[in-house]
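Here are a few notes to go with the model you asked about. Have it open while you read.

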Amino acid sequence: MPSAGLKTIIALSLVLAIGFLLVILSCALYKVYYPLLVVATYVIAPVPNWIAGRVANPDDFVDSAGGSAALDLGRFCTGFLFVMGIGKETLPFV
């Protein structure tokens, strides 16, 4: 029997998938493909975090705080892309 946390994650992922489907279908229906830039931004957003995680050296003895500049940069770029994806919806396309 799944716990309440797992049910919440499954429900939210279902809502996200339906939202992406509706954005793609609305773009095809009205033949205006600018909202697909928002979907592309959300798909590309985790890539800097993934690259920074690969680049960061876990055996670095100089950095005793547990973080590194590469990880911080990756998290910053990922956060920027997510915020840009939210803000991009408010910009009018002329």
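This is a predicted model: local features need pLDDT of at least 70, side-chain atom pairs count only at pLDDT 80 or more; totals for chains, interfaces and linings use all residues.

1. Residues are numbered from 1 along each chain as its sequence is written, and side-chain values use heavy atoms, with hydrogens and water left out.

2. Look at helix α2 (residues 36–44) and helix α4 (residues 69–88): they pack at an angle of about 170 degrees, with axes 9 Å apart. The two are therefore roughly antiparallel (angles over 145 degrees count as that).

3. Who touches whom here? On the α2 side you'll find Leu37, Val38, Thr41, Tyr42 and Ile44, meeting Leu81, Phe82, Met84, Gly85, Ile86 and Lys88 of α4 (contact means heavy atoms within 4.5 Å). These residues split into 8 nonpolar, 2 polar and 1 charged.

4. Helix α1 (residues 4–30) also packs with α2, at about 145 degrees and with the axes 9 Å apart. Phe20, Val23, Ile24 and Cys27 of α1 make this contact with Leu36, Val39 and Tyr42 of α2. By class, that's 7 nonpolar, no polar and no charged residues.

5. Now for the rings: the whole structure has 1 aromatic pair (ring centres within 6.5 Å). The partners are 40 residues apart, tyrosine 42 in α2 and phenylalanine 82 in α4.

6. Buried or exposed? Tyrosine 42 is partly exposed at 21% relative accessible area, and phenylalanine 82 is partly exposed at 35% (buried is under 20%, exposed over 50%, partly exposed in between, with a 1.4 Å probe and protein chains only).

Methods: Axes are lines fitted to C-alpha atoms, for helices over the stretch in contact, and angles run from 0 to 180 degrees between N-to-C directions. Helices (H or I, at least four residues) and strands (E, at least two) are DSSP runs, numbered from the N terminus. Angles under 35 degrees count as roughly parallel, over 145 as roughly antiparallel, 65 to 115 as roughly perpendicular and the rest as oblique. Ala, Val, Leu, Ile, Met, Phe, Trp, Tyr, Cys and Pro count as nonpolar, Asp, Glu, Lys and Arg as charged, and the others, Gly among them, as polar. Rings of Phe, Tyr and Trp (its six-membered ring) pair if their centres lie within 6.5 Å; planes under 30 degrees apart count as stacked, over 60 as edge-to-face and the rest as tilted.
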